[in-house]
Amino acid sequence: MTLDPILTAPLLIQVHVVTAIVSATLGPFVLYRRRDRIHKALGYVWITAMAGVALSGLALPAQVLHFYLGFGPIHILCLFVLWGLFDGVRAIQRRDLRRHRETMRGLYWNAITIAGLFTFLPGRRMNQMVFPEAEWLGWCIIGAGAAGLVLRQWHVRGRIQTA
């Protein structure tokens with residue numbers, strides 16, 4: 001493993017990576033902690049980091065699929081994240097705890113996980129950082145992550161239908 005692909009990247013990419021790491025790491029502590037002052041304080045940090053990921057992502061050109069002027073599907077995901085953050089905050093302000101919880105957990109599991117998996121495509125910086133000698137291993141990470149998302153979805157749907 002080498003940090004060179006990130007350390008030598010432009011500042012915008014470094015900001016994007018740092019906010020993504022903060023979001024991914026902090027997410028489970030915030031999203032599955034009981035509601036208290038720590039949850040609220042860390043929630044503000046998590047929302048700020050998620051907004052940082054989405055906003056910096058909007059400024060980065062698409063590398064995999066380009067629709068128009070460097071924009072691609074990842075930019076649509078960035079817009080969904082920003083809308084989800086707004087919706088989740090609005091829900092808690094209205095005391096709609098269930099909507100707040102579902103929105104924020106959905107953002108974490110879908111946005112962070114899906115976008116995070118695509119960073120391991122061969123040729124991308126995260127792949128070069130983690131697998132400098134064997135970029136093909138990125139496909140293994142993507143496959144394992146996709147399988148995990150499918151299993152989680154089955155688990156969540158099963159729990160909702162039986163409740």
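From the N terminus on, the protein chain runs α-α-α-α-α-α-α, with seven helices and zero strands; helices (H or I, at least four residues) and strands (E, at least two) are DSSP runs numbered from the N terminus. The radius of gyration is 17 Å, close to the 15 Å that the globule rule gives for 163 residues, so the chain is as compact as a globular protein of that length. This radius is taken over C-alpha atoms, and the globule rule is 2.2 Å times the number of residues to the power 0.38.

The model is predicted: local features need pLDDT of at least 70, side-chain atom pairs count only at pLDDT 80 or more, and totals for chains, interfaces and linings use all residues. Residues are numbered from 1 along each chain as its sequence is written, and side-chain values use heavy atoms, with hydrogens and water left out.

**Overall dimensions and surface**

Along the principal axes, the C-alpha atoms fill a box of roughly 45 × 35 × 35 Å. Of the 163 residues, 33% count as buried, where buried means under 20% relative accessible area, exposed over 50%, and partly exposed in between (1.4 Å probe, protein chains only). The chain exposes about 10600 Å², of which carbon and sulfur atoms supply 68%; accessible areas come from the Shrake-Rupley method with a 1.4 Å probe, and for residues only the protein chains shown count as cover.

Contact means heavy atoms within 4.5 Å. Among contacts between residues at least 6 apart in sequence, 55% join residues at least 24 apart.

The chain carries 17 positive and 7 negative side chains, and the centres of the two sets lie 13 Å apart. Lys and Arg count as positive and Asp and Glu as negative, while His and the chain ends are not counted; the place of a charge is NZ of Lys, CZ of Arg, CG of Asp or CD of Glu.

**Aromatic pairs**

The structure holds three aromatic pairs. Rings of Phe, Tyr and Trp (its six-membered ring) pair if their centres lie within 6.5 Å; planes under 30 degrees apart count as stacked, over 60 as edge-to-face and the rest as tilted. Two of the pairs are tabulated here.

| Pair | Centre to centre | Angle between planes | Class |
|---|---|---|---|
| Tyr 108 and Trp 109 | 5.2 Å | 90° | edge-to-face |
| Phe 120 and Phe 131 | 6.2 Å | 55° | tilted |

Tyr 108 is buried, with a relative accessible area of 9%, whereas Trp 109 is partly exposed at 26%. Phe 120 and Phe 131 are both buried. Phe 120 lies in the loop between helix H5 (97–118) and helix H6 (125–130), and Phe 131 in the loop between H6 and helix H7 (137–162), so the pair ties together parts that are eleven residues apart in sequence.

**Individual residues**

Pro 5 lies in helix H1 (residues 4–7) and is buried, with a relative accessible area of 11%. Its C-alpha atom is separated by 5.5 Å from that of Arg 125, 120 residues apart along the chain. Leaving aside neighbours within four places in sequence, Pro 5 is in contact with Arg 125, Gln 128 and Met 129.

His 39, in helix H3 (residues 37–59), is buried at a relative accessible area of 18%. Not counting residues up to four places away in sequence, His 39 touches Val 30, Arg 33, Arg 34 and His 100.

Arg 95 lies in the loop between helix H4 (73–93) and H5 and is exposed, with a relative accessible area of 71%. Most residues other than glycine have a negative phi. Arg 95, although not a glycine, has a positive phi of about 65°.
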